[in-house]
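Hello,

I am handing this structure over to you today. Please have a look at it first, and then read my notes on what was found.

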Amino acid sequence: MKRIGIAGFGTIGRVVARHIENSDLPLALAAVSAGDRTRAEAAMAQLARPVPVVDTAELVALSDVIVDSAPTAAFRDIAEATLCAGKTLVTVSGAALMQWPGAAGFARDHGGRIILATGALLGIDAVRAAAIGSIHSVTMVTRKPVKSLIKADHVVRNGIDLTEIDEPLKIFEGSAREGAIAFPANVNVAAALGLAGTGPDQTRLEIWADPALTRNTHRIIVDSDSARFELAIENIPTDENPGTGRITAQSIVAALHDLVSPIRIGT
Ligand SMILES: NC(=O)C1=CN([C@@H]2O[C@H](COP(=O)(O)OP(=O)(O)OC[C@H]3O[C@@H](n4cnc5c(N)ncnc54)[C@H](O)[C@@H]3O)[C@@H](O)[C@H]2O)C=CC1
Ligand SMILES: O=C([O-])CC(=O)C(=O)O
């Protein structure tokens, strides 16, 4: 039985907890940590078998695997505490991982492991396979409804007014690294794509605010010496957090299944 601790009991963390609770695989929810303990305890009361809300150190002590579903800014503390204990971190904070070039070395030195789940994207398996050969180019075009982007730091800081737009507006064009830094809560997936393929500096990214959309969409175009592919995903936003697609939490649950399942499908 693997004991799972969830760091960050928000939109993603709560869904992951519910899935673990209902899973017939050898996964058990051990504890959660939170930014707001009172709110987390109220949410915890909704579970059939509530577990304690604890701090990061205790979470790591009580768990074999830590799911990081806290904000990007909390990633490093949670990751270091997990890895220092030689444990496994499952995260979707691609933007934060990208900004920690020493992550692999740190994990190796402490006998820990980081698993960056695919999150709200697709095709990471094919991009990784293509990267075994030679990739010529990777481009990602993200289009999101206005409500998914309106609170993004980059939009607020640059005074970009999205309230009145009546046609798609390109609000960013650059590398995946620049995009993930400018939109840390909105294009973690661009960072993941960059890390999987030619690197965040070589991966091109466009971000569009599109008033006609209701879904968070990503299209990736990859050209390599083994295959050319274009893939697209239309993510249904969660009610709680429109920037977060429903599939994100499910991607984490699938990654947890891989840790205990005797058969693994896909890379
Ligand atoms: N790769 C992907 O596809 C996606 C990645 N994400 C990332 O996942 C993370 C979580 O997203 P959501 O659940 O939508 O956010 P959320 O805001 O709904 O939940 C985050 C929770 O973490 C809590 N928190 C704050 N500081 C904390 C700390 N130091 N320790 C533990 N908990 C803390 C907050 O109180 C909140 O309850 C974010 O970093 C986001 O950028 C989100 C969507 C897609
Ligand atoms: O990557 C992210 O952080 C979120 C995202 O784009 C999505 O949910 O479609």
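**Around the two ligands**

A nitrogen atom of ligand 1 sits 3.3 Å from a polar backbone atom of Gly35, a polar contact (a pair of N or O atoms within 3.5 Å). An oxygen atom of ligand 1 is 2.9 Å from a polar backbone atom of Ala70, and a polar side-chain atom of Asn188 lies 2.8 Å from an oxygen atom of this ligand. The protein covers 79% of the 860 Å² of accessible area that ligand 1 has on its own (Shrake-Rupley method, 1.4 Å probe).

This is a predicted model: local features need pLDDT of at least 70, side-chain atom pairs count only at pLDDT 80 or more, and totals for chains, interfaces and linings use all residues. Residues are numbered from 1 along each chain as its sequence is written, chains are lettered from A and ligands numbered from 1 in the order in which they are written, and side-chain values use heavy atoms, with hydrogens and water left out.

Why does ligand 1 lie between domain 1 and domain 2? Domain 1 (2-120 + 246-259) and domain 2 (124-234) both give residues to its shell, so ligand 1 lies between them; the bounds come from an automatic or database domain assignment.

Now to ligand 2. Its oxygen atoms include one 2.7 Å from a polar backbone atom of Asn186 and one 3.0 Å from a polar backbone atom of Gly245. Of the 270 Å² of accessible area that ligand 2 has on its own, the protein covers 94%.

Best wishes

Notes: A polar contact is a pair of N or O atoms within 3.5 Å; within protein, one must be able to donate a hydrogen and the other to accept it, and residues adjacent in sequence count only if both atoms are side-chain atoms.
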